[in-house]
Every structure is written in structure tokens, then in C-alpha cells.
Amino acid sequence: MANFKSEEVNINAPAQQVFDKMSNLEALGELIKNAPEDQIPDDQRQMLEQVTATRDSITFPGGPAGNITLRLAEAVSPSLIRMVGQGTPVPLTLSMHITTVNEVQCSAYVDIDIKIPAMLKPMVSGPLQKMADQFSQMLRSIPFN
């Protein structure tokens, strides 16, 4: 199992508020699609416009590998949201960890656990680390208030 952890980012919103928005994947899908244009690079905007979501799953375009669907597997208010890959070529878990800083601010980071063969790890490590980092950067642009 390989693990890719994003940087920890500060969010100007209470932990419970962030948890509530992020654990409702349908609402998260809408937030992603409606992120301010100045905060999302043009090359990523087209991908984000193709995101589809239900209350407990979210699907991202995965390029040549096909779509990637994450299903909500665990939600521990207000500190943990865990999603598992559904129909992914290899077992995949994405976890968001939220920590209260004070009553109006929290911090969060994402980690991705993926079961990949050792010989493939050098080829996919860069893109997976980039994906984890982009997810945490996206958290900064979401209007939680």
C-alpha cells in the first residue's frame, strides 16, 4: 500500500461547517463545479465541469483510465471523511482529516492510500502526490461560509 499525503492547509471556517459541506458529496460536487474561475486553472476547469455527484458518491473524469468514483465509506464528525474507490483498477482510499484550530478556523489535509505493485509506484507516485496536493489546494478556494 502506498500513501500520498497533501500539505496541511488552513481554512477560514469552523471544522463542523467544513465537515458538513465536505461529507455531503452532492453539495461538494456543486461547490467544485462553481469554484471561482480565478482560483481554478483553465486546464483543470474543464475536468471539474465534468464532475458528477450523488449524496454519497462523486465521480471525476479519469482520462484514459476512465472515470474515478469515490463512495463515502466513513464520516466521523467533525474530523474525518473517508471515501473508497468504486470500480477503480486498484483499491483506493481517500481520507480528509479536519482539525479544529479555533471556533472560526480549522486545518485539513488529504491522504490517499492505494494498493499498487511496487514496480508501478515510481510511475504513479508523481501524479498521485499531485492529486493529493490539488485536492488540499481546492479546499482553500471553497466558500464554506
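Q: In this predicted model, which residue of β6 does threonine 69 stand opposite?
A: Strand β5, residues 68-76, and strand β6, residues 80-86, pair in the antiparallel sense over seven bridges, and a hairpin of three residues joins β5 to β6. Within this pairing, the residue of β6 that stands opposite threonine 69 is glutamine 86.

Q: Which residue in β7 is the bridge partner of isoleucine 81?
A: β6 also pairs in the antiparallel sense with strand β7, residues 92-102, over five bridges. These two strands form a hairpin with five residues between them, and glycine 87 in the turn has a positive phi of about 75°. In β7, the bridge partner of isoleucine 81 is methionine 96.

Q: Within what arc do the buried residues of helix α1 fall, seen down its axis?
A: In helix α1, residues 15-23, the buried residues are Ala15, Val18, Phe19, Met22 and Ser23. They line one face of the helix, because, seen down the axis of α1, they fall within an arc of 115°.

Q: Is serine 6 buried or exposed?
A: Serine 6 has its place in the loop between β1 (2-5) and β2 (9-11), and, leaving aside neighbours within four places in sequence, its contacts include Tyr109, Val110 and Gln129. Since buried means under 20% relative accessible area, and the relative accessible area of serine 6 is 5%, serine 6 is buried.

Q: How many residues are in the largest nonpolar core?
A: In soluble globular proteins, nonpolar side chains tend to be buried together. Here, Ile11, Val18 and Met96 are among the members of the largest nonpolar core that touch the most other members, and the number of residues in this core is 37.

Conventions
Residues numbered from 1 in each chain as written. Predicted model: local features only at pLDDT ≥ 70, side-chain atom pairs only at ≥ 80, totals over all residues. Heavy atoms only, no water. Buried < 20%, exposed > 50% of the residue type's maximum accessible area, 1.4 Å probe, protein only. Helix = DSSP H or I, 4+ residues; strand = E, 2+ residues; numbered from the N terminus. Arc of directions from axis to C-beta. Contact = heavy atoms within 4.5 Å. Core = buried A, V, L, I, M, F, W, Y, C linked by side-chain atoms within 4.5 Å. Pairing = 2+ DSSP bridges.
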